[in-house]
Amino acid sequence: MTNKVTEAFGEESYRIHEFSLPLIHFGISGQSSGVDTLPTEWNESFGNVMLLEDSLDLWHITIQNAASMTPQLLNLFPFLLLPLQSETEVLRQALNILNSYILLSPEELFRTHSNIIIQSFHKLFQVTPLPITSFPSSTPIESSYSLTSQATSSIVKILNVILCLFPTESPQHFLSIFQQMIFSVLQDQLDSPIISHFISALSRFLLIQPSFFLSFLTTLVPGQDLRKIYFDKIVDKLDTIAQPLSKKLCAFSLCVLLQSPDEFCISLFPSIINVALSVLYQLENPDEPEDQHELFLFFFFFFFSFFFLFFFF
């Protein structure tokens, strides 16, 4: 009932926050609105899962219809930490709430609760130190990542939003997560859809901070430069990316490297052009067979090579 009333009021729903927010607070914590102690685990004796899910639905609708961030909504946010650690339907609801909070008032949210967001992401990815001294390792690191492809997709979408909103500050807060993503891509331990989502997040990182990303690849393993291994793997995995937008993002991020005078980036020039043209052709001609893509690339490189030799030699 409260959900419908909130939707009906729309941007004016702040008028019923004095009624709806205490309901949300009680439904997710089992405490009255005057108690701000964060629960450390679900209190099963308090109520059932249905009450929790209904409270999260009301919370999501309330945030979606809020015209601006209020102190009451900000004070409620820390109670999202525990739902974000779930691996059930509750996680999907919690991620929707987190995404709505970020879109509503990103600067205010990160100024007040950035530590909660960062902590939640690290727990979701089950980040642990990776004691790798060389790569490929003779004993591959077993990944503890257990989330589904759908959950991973939602998490990566939120991570992409954060990277876009805070391109300078955010990558440094998620380096451990990016480290785990990179090794998961290189070791190919997880399902292809999950690897594709990881590549999407890493491509966003590369797109907004190419120099930092390249430097990061050189420091992951002491005394070893993973740049060539990583980009070879990305080119190899490109065809496994099903989402057109993710594939386009990957191609754009690689094209950013063409601006660099670095010798390594110059060496990637043929591969990057190949990827960019292949993605462009596939997006414009999704029903064409693969051999048509290869024929197009062959003629392009033939004429490109002729042009290059004619004008520069």
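This is a predicted model: local features need pLDDT of at least 70, side-chain atom pairs count only at pLDDT 80 or more; totals for chains, interfaces and linings use all residues.
Residues are numbered from 1 along each chain as its sequence is written.

**Figure 1. Overview of the protein chain, with 16 helices and zero strands.** Helices (H or I, at least four residues) and strands (E, at least two) are DSSP runs, numbered from the N terminus. Of the 313 residues, 45% count as buried, that is, under 20% relative accessible area with a 1.4 Å probe, protein chains only. Among contacts (heavy atoms within 4.5 Å) between residues at least 6 apart in sequence, 68% join residues at least 24 apart.

**Figure 2. Helix H9 (residues 175-187) and its cover.** The end C-alpha atoms of H9 are 18 Å apart, in agreement with the 18 Å that 13 residues should span at 1.5 Å a residue; the expected span is 1.5 Å times one less than the number of residues. H9 is mostly covered, with 11 of its 13 residues buried. Among them are Ile177, Phe178, Met181, Ile182, Phe183, Val185 and Leu186, together with Gln179, Gln180 and Gln187. The cover over these buried residues includes helices H6 (106-124), H7 (149-165), H8 (170-173), H10 (192-208), H11 (210-219) and H12 (227-237). Asp188, which follows H9, has a positive phi, near 55°.

**Figure 3. Packing of helices H7 and H10.** The two axes, fitted to C-alpha atoms over the stretch in contact, come within 9 Å and cross at roughly 5°. H7 and H10 are therefore roughly parallel to each other, a term for angles under 35 degrees on a scale from 0 to 180 degrees between N-to-C directions. Residues of H7 making the contact include Ser149, Thr152, Val156, Leu159, Leu163 and Cys164. From H10, the contributing residues include Pro193, Ile194, His197, Phe198, Arg204, Phe205 and Ile208.

**Figure 4. Gln209 in the loop between H10 and H11.** Gln209 is buried, with a relative accessible area of 18%. The side chain of Gln209 reaches the backbone oxygen of Thr168 at 3.2 Å. Not counting residues up to four places away in sequence, Gln209 touches Pro167, Thr168 and Pro171.

Note on methods. Side-chain values use heavy atoms; hydrogens and water are left out. Buried means under 20% relative accessible area, exposed over 50%, partly exposed in between (1.4 Å probe, protein chains only). A polar contact is a pair of N or O atoms within 3.5 Å; within protein, one must be able to donate a hydrogen and the other to accept it, and residues adjacent in sequence count only if both atoms are side-chain atoms. Angles under 35 degrees count as roughly parallel, over 145 as roughly antiparallel, 65 to 115 as roughly perpendicular and the rest as oblique.
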